[in-house]
Amino acid sequence: MALFLALFLTAPAQAQMSSSEVKAEIAFARGLAADWTFVDLAQSVLAKVEREGIAGKAREELELVKCEVFVSGARSEPDAIARLVLFESAFEAYQLFIDGYPNSDFKSQAETGLVNTASIYGRAIDLALEESVGETATELNGKKADVLTNTVLLTQSLIESLATIPEEERSEANRRELAGLMLNRGQMLGEIGRIE
């Protein structure tokens with residue numbers, strides 16, 4: 001597999017990738033990161049696709065997958081501090097996506113990803129706090145409070161947006177997303193209260 005990946009990543013670039021090829025590469029990168037925890041290889045695949053100069057929805061999906069790859073990397077990182085750095089990179093990537101593509105079809109997916117990442121990030125900080133004391137512990141608690149406070153504000157607007165959809169028009173996906181957001185919001189508010 002390593003030989004295949006090396007050949008794949010060093011192969012000369014074609015003139016232009018088709019839409020189906022771009023989708024296949026993005027799916028491949030997602031799988032490398034999420035299923036195999038080959039985060040560096042996933043980032044290499046995405047960089048190769050990016051060099052092709054893609055635009056439109058394919059570009060938006062590529063940017064969203066970059067966020068997901070950071071989260072996958074953070075989840076599989078054994079070192080507590082390196083894990084936090086990857087989560088912070090994921091936050092930054094999600095925020096850049098949300099700010100850069102305000103009308104994207106993927107925007108709600110990015111916002112939900114940001115909220116879910118904040119929840120996981122809070123637990124990652126708790127693990128890092130077990131090994132930290134003094135100023136480091138205070139700094140970590142401050143970071144956690146900042147991230148959770150900002151994310152709680154986002155969850156409120158997302159919940160309000162989903163709640164405006166009439167009950168009979170809500171899809172099953174809308175209902176699940178709404179329930180998940182409400183649960184995450186409640187947990188984050190509890191964590192903020194505990195920190196305070």
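1. The model is a predicted one, and the points below should be read accordingly.

2. Which residues of α4 are buried? They are Glu60, Glu61, Leu62, Glu63, Leu64, Val65, Cys67, Val69, Val71, Ser72, Gly73 and Ala74. The cover over these buried residues includes α2 (19-34), α3, α5 (80-100) and α6.

3. Ser72 deserves a separate remark. This residue is found in helix α4. Is Ser72 buried or exposed? Its relative accessible area is 16%, and because buried means under 20%, Ser72 counts as buried. When neighbours within four places in sequence are left aside, Ser72 is in contact with Ala33, Ala34 and Val39.

4. Gly53 has a relative accessible area of 51%, and because exposed means over 50%, Gly53 counts as exposed. Gly53 and Met17 lie 36 residues apart in sequence, and their C-alpha atoms are 9.1 Å apart in space.

5. The largest pocket has a volume of about 180 Å³. The elements that give two or more residues to its lining are α4 (56-76) and α6 (107-130). Among the lining residues are Leu64, Glu68, Ser72, Arg75, Tyr94, Asn116 and Ile120. The lining divides into four nonpolar, five polar and two charged residues.

6. The largest nonpolar core has 37 residues, of which Leu84, Tyr94 and Tyr121 touch the most other members. At least two residues of this core come from each of α4, α5, α6, α7 (134-163) and α8 (172-195). Helix α6 gives the most, with ten residues. In general terms, nonpolar side chains tend to be buried together in soluble globular proteins.

7. What does Tyr94 contact, leaving aside its neighbours within four places in sequence? The residues are Leu64, Cys67, Glu68, Val71, Ala110, Gly113, Leu114 and Thr117.

8. A second, separate core has 15 residues, including Met17, Leu32, Val39 and Val65. Of these, Val39 is also a contact of Ser72, and Val65 is one of the buried residues of α4.

Terms used: Residues are numbered from 1 along each chain as its sequence is written. This is a predicted model: local features need pLDDT of at least 70, side-chain atom pairs count only at pLDDT 80 or more; totals for chains, interfaces and linings use all residues. Side-chain values use heavy atoms; hydrogens and water are left out. On a 1 Å grid over the protein atoms alone, a cavity is a set of points where a 1.4 Å probe fits but cannot get out, and a pocket is an open set with protein on both sides within 12 Å along at least five of seven lines; lining residues have an atom within 4 Å of a point. Grid points are joined across faces, edges and corners, and a volume is the space filled by probe spheres set on the points. Helices (H or I, at least four residues) and strands (E, at least two) are DSSP runs, numbered from the N terminus. Ala, Val, Leu, Ile, Met, Phe, Trp, Tyr, Cys and Pro count as nonpolar, Asp, Glu, Lys and Arg as charged, and the others, Gly among them, as polar. Buried means under 20% relative accessible area, exposed over 50%, partly exposed in between (1.4 Å probe, protein chains only). Contact means heavy atoms within 4.5 Å. A nonpolar core is a set of buried Ala, Val, Leu, Ile, Met, Phe, Trp, Tyr and Cys residues joined through side-chain atoms within 4.5 Å.
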